[in-house]
Amino acid sequence: MSLEHDHMDNDHEVKVMKSMRQAIKDEFPELAIYPIHDKPVGPHPLPMFEVDLFTPAQFGAFIPWLAINHGPLSILIHPNTGKSRLDHTQNAIWIGNTLDLKLDTFDKEEEMDEVAQRLEDVLRKNTS
């Protein structure tokens, strides 16, 4: 899950993101909370940070809390199935404003997955 702010262009917005990250750490210390990326990364068009949830109980407690407390942040909630394009699009949920993701990022990832699969197939045939 990523938390992004749609106007990360001044000190106020940076403070909002930092204070949300700290509030999450205080309220949900059992979650994996990653550092803030101060520049766009991957498909995310804006600075963001990630939070990983591990159990249905964590999801059930954290998501309603986010829905109430997200403030001006846009929040992308998605699974990590290994199918990144689907995870970030069809299988995703947004809280707050929906942002346009840089989906071309996935084209490169999918191409690399295909190359890796072909190499595995070649290696498997050569060792049989």
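The model is predicted, with local features requiring a pLDDT of at least 70 and side-chain atom pairs counted only at pLDDT 80 or more, while totals for chains, interfaces and linings use all residues. Residues are numbered from 1 along each chain as its sequence is written, and side-chain values use heavy atoms, with hydrogens and water left out.

The protein contains 4 helices and 5 strands; helices (H or I, at least four residues) and strands (E, at least two) are DSSP runs numbered from the N terminus. Read from the N terminus, the order of the elements is β-α-β-β-α-β-α-β-α. Of the 128 residues, 34% are buried, where buried means under 20% relative accessible area, exposed over 50% and partly exposed in between (1.4 Å probe, protein chains only). The accessible surface of the protein is about 8,000 Å², and carbon and sulfur atoms contribute 55% of this area; accessible areas come from the Shrake-Rupley method with a 1.4 Å probe, and for residues only the protein chains shown count as cover. Among contacts (heavy atoms within 4.5 Å) with a separation of 6 or more, 53% join residues 24 or more positions apart.

The average pLDDT, the predictor's confidence in each residue from 0 to 100, is 82 for the protein, and 83% of the residues score at least 70. Confidence is highest in α2, at 95, and lowest in strand β1 (residues 2-5), at a mean of 48. Over residues 4-9 pLDDT stays under 50, and the model has 27 contacts beyond four places in sequence for this stretch. Where pLDDT is low, the predicted coordinates should not be read in detail.

The largest nonpolar core has 17 residues, and I24, F49, V51, F62, W65 and L66 have the most contacts inside it. Such a core is a set of buried Ala, Val, Leu, Ile, Met, Phe, Trp, Tyr and Cys residues joined through side-chain atoms within 4.5 Å. Two or more residues of this core come from each of α1 (11-27), β3 (48-52), α2 (56-69) and β4 (73-77).

The structure holds 3 aromatic pairs. Rings of Phe, Tyr and Trp (its six-membered ring) pair if their centres lie within 6.5 Å; planes under 30 degrees apart count as stacked, over 60 as edge-to-face and the rest as tilted. The ring centres of F28 and W65 are 5.4 Å apart with planes at 75°, so this pair is edge-to-face. The pair links distant parts of the chain, 37 residues apart, with F28 in the loop between α1 and β2 (32-33) and W65 in helix α2. Both F28 and W65 are buried. For F62 and W65 the centres are 6.1 Å apart and the planes at 15°, so this pair is stacked. These two residues lie 3 residues apart in helix α2, about one turn of the helix, and F62, like W65, is buried. F28, F62 and W65 form one aromatic cluster.

Strand β4 has 5 of its 5 residues buried, so it is largely enclosed by the rest of the structure. β4 pairs with strand β5 (residues 93-95) in the antiparallel sense over 3 bridges, pairing being assigned if DSSP finds at least two bridges between two strands. The bridge partner of I75 in β5 is I95. H78 lies in the loop between β4 and α3 (84-88) and is buried, with a relative accessible area of 14%. H78 and I93 are 15 residues apart in sequence, with a C-alpha to C-alpha distance of 6.4 Å.
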